[in-house]
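Here's a quick briefing to read with the structure open beside you. Have a look first, then we'll go through it topic by topic.

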Amino acid sequence: MIRLKNDKKTVAVAMSGGVDSSVSAIILKEKGYNVIGLSMHLLGLSPVNAEDNGTCCSMSDIIDAKRVCVRLGIPHFVINFEDEFKKNVIDSFTEEYLKGRTPNPCIACNKIMKFDILLKRATELGAGYFATGHYARITHNKNGQYFLLEAKDKSKDQSYVLYNLTQYTLKRIIFPVGSFYKKDIRKIAMDYGYGELSKKKDSVEICFTGSGNYHEFLSSRINGRLPEINRGHIKNTKDEIIGKHDGIFHYTVGQRKRLGISSKTPLYVTKINADTNDIYVGSLTECYGSKFYIKDFNIIAGEHIALLPKMDLSVKIRYSSPKYKCSAAVKNDKINVKFNKPAKFITPGQSAVLYSGMKVIGGGIIDEKL
Amino acid sequence: MPRIYLDYNATTPVDPSVLKEVCSILKNYPGNPSSVYEEGRSARILIEDSRQFIRSFLGANQKDGIIFTSSGSESINLALIGTVNFYRRQNKKSIPHIITTAVEHPAVLNAFKFLENSGVETTYIRINNSGELMLDELLLSIKKNTILVSVMGANNETGTIFPIRRIFEQVKKINENIIAHSDLVQFIGKVDFSLKDFPLDMLSFSGHKFYAPKGAGVLYFKKGLHLDPIIHGGHQERGLRAGTENTAGIAGMAKALEIFEKNKEQELKKISSYGSMFFDMLFSSLEGIRLNGHPVNRLKNTINISIDGVKSETLLFNLDLCGISASAGSACNAGKFVKSHVLEAHGYDRSRIESSIRFSIGRWTTEADIEYAVNAIKKTTLKLRSMT
């Protein structure tokens with residue numbers, strides 16, 4: 001029998017080679033799904049560093065994913081997305097830094113690479129469902145409206161990077177590890193005989209910059225291409241020149257180290273002006289703001305757009321930020337966010353994600369304009 | 001799910017009789033063939049008998065060289081690099097020129113690139129859009145310092161057969177000292193071959209393409225030719241290939257050729273008729289498919305087609321899920337489907353290249369396999385076309 005219909009019980013699991021996505025495949029297999037493993041090959045490798053011990057999605061990680069699939073007796077395919085990854089993630093990462101913003105490349109990677117391009121491939125393989133190893137949960141109400149929730153394990157919650165999910169994608173997605181604690185996921189890996197995997201470290205750094213230092217990565221991509229963007233002035237909030245810098249892309253709002261300016265009180269980057277190539281610094285108190293705009297936003301349940309001003313909201317302004325109580329309202333193509341109490345380091349380019357309790361309402365990119 | 005293997009050009013399963021032989025050798029011939037005592041002697045004789053058999057299988061002369069290597073790629077590297085290195089040692093002041101085709105296997109092309117980087121002159125001869133080698137171009141490119149021409153017997157991706165007899169006859173007419181090498185990896189075991197019909201000085205092939213285990217290859221070279229080794233160490237294989245011989249692999253390769261020789265008439269007939277059947281069924285069941293490579297002069301076991309509106313990768317993955325093994329061009333690396341240089345050399349457009357897929361049948365392919373495969377290809381294609 002040739003099965004070619006889109007099979008609702010067939011699930012494609014995006015497998016990075018890490019413990020979370022591997023255990024996702026194990027869980028789904030145990031639940032009786034027809035499981036297909038998919039790995040993205042994102043970074044070109046020269047023969048010299050082909051055995052890099054790298055981060056997410058490196059060659060050795062792909063072999064780890066394949067090993068799990070072979071042992072589970074499920075198919076595994078590696079899809080080469082080097083070009084797509086460069087275009088959609090790496091290049092825009094660089095461009096954003098050149099504009100004086102501080103991007104989070106994981107947002108674009110999840111939105112475009114995983115939940116658009118890879119999900120489409122999964123559909124082409126007849127998979128009605130698509131799973132990843134993210135720590136987040138999905139629910140739906142009686143009306144068939146889908147919602148994204150924080151993970152059960154709050155310390156591992158990744159709902160922040162998933163705010164671009166839509167009703168279309170949420171309907172198809174399964175997050176098998178979202179309702180487990182990380183320690184239980186490691187235990188499952190161990191119990192199923194994947195001892196090595198269960199001990200694998202979490203990937204925390206940006207996967208494509210190598211050795212975790214994005215300055216060198218950016219310099220190598222930028223220098224020579226646009227030499228004139230490099231040098232510029234460091235100014236205080238009174239617009240007085242107090243130092244110089246080697247390129248705005250080395251700086252991020254809230255940065256305290258590597259400023260090269262002596263001062264009695266600690267100085268922080270408060271603002272980056274890409275047009276004038278100036279870095280502004282100030283004291284900690286000058287880093288506080290009470291409102292900002294979000295652009296390029298996504299609201300997961302359409303009905304929430306109108307309800308936003310009436311909702312009890314909080315906002316995360318970076319991956320590891322606390323949730324700040326706030327109010328918000330959609331205004332034209334932006335969301336206007338007001339903190340209940342001023343918060344520090346509102347960083348243009350980072351994503352701001354709105355929550356109502358543990359529910360992700362939506363999010364977008366923090367705009368530089370106030 | 002039962003698997004239907006349609007990728008015999010990538011590698012073949014080991015024939016059960018070969019397997020039996022190999023297991024028995026691994027068990028009963030544990031000695032190092034270079035050792036002076038009983039276990040060494042018996043292993044040595046096994047290897048020399050295999051060498052003798054392969055020599056006669058190829059129609060070679062008693063004094064011609066048969067070197068056992070680890071693979072087709074190693075044989076090719078030894079032939080090309082070994083020849084050039086020897087020549088350069090003898091002719092310190094002269095820069096050698098070597099010629100091959102644009103559609104060779106990477107083993108040849110990358111060995112050429114390697115030599116190119118060390119200062120050797122190279123020429124790559126183009127093909128026309130039917131896959132035919134531009135022989136005039138080849139003959140015109142021959143220079144005073146041309147020492148070697150390497151042309152494959154049959155293309156691994158398209159199955160197109162080059163008329164190597166005519167090609168090398170013409171080459172030899174211009175300069176009979178030019179060394180004629182052929183990569184026969186896809187040829188031996190698929191076509192009736194004898195050196196009596198081909199003016200070759202060197203040829204390379206490997207056992208795993210004709211039902212012997214992976215890890216054994218052969219380089220034939222005519223008496224009087226000189227090469228430098230590329231693997232240095234002991235004196236094995238006349239000092240041309242160091243390393244303890246793969247006794248079981250070598251004897252398995254000879255056994256596989258023996259089986260082929262015994263059944264070749266019947267087998268080649270069967271594969272030819274199944275190949276035609278596969279082709280006819282494919283082309284009658286689907287619109288918008290094109291055959292890649294030469295329409296007539298090709299291996300009958302190989303069908304390389306482009307299917308409009310379907311990406312090779314997606315089709316391959318879907319066929320795998322239906323239990324069918326096929327491939328797109330050469331085996332891919334790190335999931336990267338490198339655009340086939342072979343199809344590119346035909347001048348095909350991008351979409352034709354990106355929608356190409358290769359099926360290659362072999363000894364255990366059945367009519368039912370072909371029917372199932374055609375059905376699956378059809379259904380998958382229609383599904384994928386409807387999704388775009």
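Predicted model: local features only at pLDDT ≥ 70, side-chain atom pairs only at ≥ 80, totals over all residues.

**The three-strand sheet in chain B**
- This one is an open sheet of 3 strands in chain B, ordered E9-E10-E12, and its pairing is antiparallel.
- The edges belong to strand E9 (289-291) and strand E12 (356-360) of chain B; each has a single partner strand, so one side of each has no neighbour in the sheet.
- On average, neighbouring strands here are turned by 30 degrees against each other, ignoring direction.
- E9(B) pairs with strand E10 (residues 302-307) of chain B in the antiparallel sense, over 3 bridges.
- Packed on this sheet is helix H7 (residues 247-285) of chain B, which touches E9, E10 and E12 of chain B. The direction of H7 makes about 10 degrees with that of E10(B).

- You'll find B:Gly309 in the loop between E10 and helix H8 (312-321) of chain B.
- Is B:Gly309 buried or partly exposed? It counts as partly exposed, because it has 14 C-beta neighbours inside 10 Å, while a buried residue needs 20 or more.
- Leaving out residues up to four places away in sequence, B:Gly309 touches B:Gly288, B:Arg385 and B:Thr388.
- B:Pro229 sits 80 residues from B:Gly309 along the chain, and their C-alpha atoms are separated by 49 Å.

**The seven-strand sheet in chain B**
- Chain B also has an open sheet of 7 strands with mixed pairing, in the order E2-E8-E7-E6-E5-E3-E4.
- Strand E2 (65-69) and strand E4 (121-125) of chain B are the edge strands; with a single partner strand each, they're left without a neighbour on one side, which is why they stand at the edges.
- Neighbouring strands in this sheet are turned by 20 degrees against each other on average, direction ignored.
- Within it, strand E7 (residues 202-206) and strand E8 (residues 217-221) of chain B pair in the antiparallel sense over 5 bridges. One facing pair is B:Ser204 and B:Leu219, the latter in E8(B).

**Chain A overall**
- Chain A has 9 helices and 17 strands.
- Its radius of gyration is 22 Å, close to the 21 Å the globule rule gives for 370 residues, so chain A is as compact as a globular protein of that length.
- The C-alpha trace of chain A spans about 75 × 55 × 35 Å along its principal axes.
- Buried residues account for 45% of the 370 residues in chain A.
- Of the chain A contacts between residues at least 6 apart in sequence, 64% join residues at least 24 apart.

Definitions and conventions
Residues numbered from 1 in each chain as written. Chains lettered and ligands numbered in written order. Helix = DSSP H or I, 4+ residues; strand = E, 2+ residues; numbered from the N terminus. Rg over C-alpha atoms; globule rule 2.2 N^0.38 Å. Buried ≥ 20, exposed ≤ 12 C-beta atoms within 10 Å, placed from the backbone. Contact = placed C-beta atoms within 7 Å. Pairing = 2+ DSSP bridges. Axes fitted to C-alpha atoms, helices over the stretch in contact; angles between N-to-C directions.
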